Amino acid sequence: MEKNTRSIRIECPKLLITRNESDLQWLIGSPFFPPLTIISTVRCIHSNSSGPDFPKESEEIRTLLLKGFDVIGALIVGKCDPEKTAARAVEAARKLKKLLTGTTKLENEETIGAVADPDTGDIRFFLSETESSMNFELVNPVSYGDNPEKFVWESGCLLLCQLPIKLPVCYPANKPSDAESNFSRAIEAVIAKFKDPNVVYLVEASNRASLDVVQPVILRGSELDFDAAVANIELLDEAAQNSEKKLLRCAHFCLKSKSTSQLLSAENADIIQISVLLNRSEKSPKCSAPAVEYFPAMDETRLLIVDFKLEVLCYAVQGIPLMHAISKLITPGLIDQLISMKNMNLPYLLTQHPEVTFYISLVGSL
């Protein structure tokens, strides 16, 4: 069935189609762009003859994909019944999204199922409007943007947060297996601190944007809203003026004027630097002396220092308020990366600590 009231918009270089009929690609969009807008694709990395290995694939995508971008569908190469193939693509995309978001049910989320002919490269796009719907509607027309870089970066910017962590882990010398559970609890304690009312996020322009002198801004955890859905965030236009720091737009830290070549370059995108500090030195109505607690170990105990560095890169439009950029992009990015580091370190906790390597392409096919 064809649906004429909607259209697919592709804002990336021509989709790369292989002749491998087992090939599957994830379609990438963003909540900051119009619905059904594809700005990149990611090839499925972990798969076998029975299909994607979803637990491994979700871990890979969670690490690979910048916050601010989402999986909005899937593309399958094949010659079988197009609608049935599209249904498989939609099912795969929804299963991956559930693992990425940690939910068991997706409510009213449109998902694209695309089917590519391995011989001609022709692609047909189908749309499933809800998870409960059994209808897959062929969507026409499909439009290709003339300048994908301009579409993404004319009103976009990057948020960068680098956070070195040294995590002390104590465990009984005669029971090294306790190191894993103690390490997991230490990770959970760090995650809780990211949303602590006393946590401080320092926001400043990168050196690249130093032509316009902008003072850093400090936001506390108590000023942030960690419950708001990204889809419900109200973007502010240039005319919006607000004296509250948390409602400042990301544009406040971006270059006010750029040449055309800069506008169209991901390498020259505005970068907003965000640092995380745990501030416990606020003014208190009561004066008290510092206190130290001593907890003696009952048995011989060993100390393990787990040392790693989180580096989170997010995409945001310049109209998003700082409070939402931090609570919905930076903080979830830090948490996801910390959990990935935990999963990678656990098997080697008492031997060696692996490092996370990122391979990121901001526009186009990954």
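Keep in mind that the model is predicted.

Let's start with the sheet. It is open and has 5 strands, in the order β15-β14-β16-β13-β17, and the pairing is mixed. On average, neighbouring strands here are turned by 20 degrees against each other, if you ignore direction.

Zoom in on β15 and its partner. Strand β14 (residues 199-205) runs antiparallel to β15, and 4 bridges join the two. Across this pairing, Tyr-201 stands opposite Leu-219 of β15.

Next come the helices on the sheet. Helix α4 (residues 178-194) lies across β13 (156-172), β14, β16 (271-278) and β17, and it runs at about 145 degrees to β13. Helix α6 (residues 322-345) packs on the sheet too, touching β13, β14, β15, β16 and β17. The direction of α6 makes about 140 degrees with that of β17.

Finally, find helix α1 (residues 54-64) and helix α2 (residues 82-101), which pack at an angle of about 65 degrees with their axes 9 Å apart. Their crossing is right-handed. From α1, the contact includes Phe-54, Pro-55 and Ile-61, while α2 brings in residues including Ala-92, Leu-96 and Leu-99. What classes of residue make up this contact? There are 7 nonpolar, 1 polar and 3 charged residues.

Notes: Residues numbered from 1 in each chain as written. Predicted model: local features only at pLDDT ≥ 70, side-chain atom pairs only at ≥ 80, totals over all residues. Heavy atoms only, no water. Pairing = 2+ DSSP bridges. Axes fitted to C-alpha atoms, helices over the stretch in contact; angles between N-to-C directions. Contact = heavy atoms within 4.5 Å. Left-handed = near helix turned anticlockwise from the far one by under 90°. Nonpolar A, V, L, I, M, F, W, Y, C, P; charged D, E, K, R; others polar.
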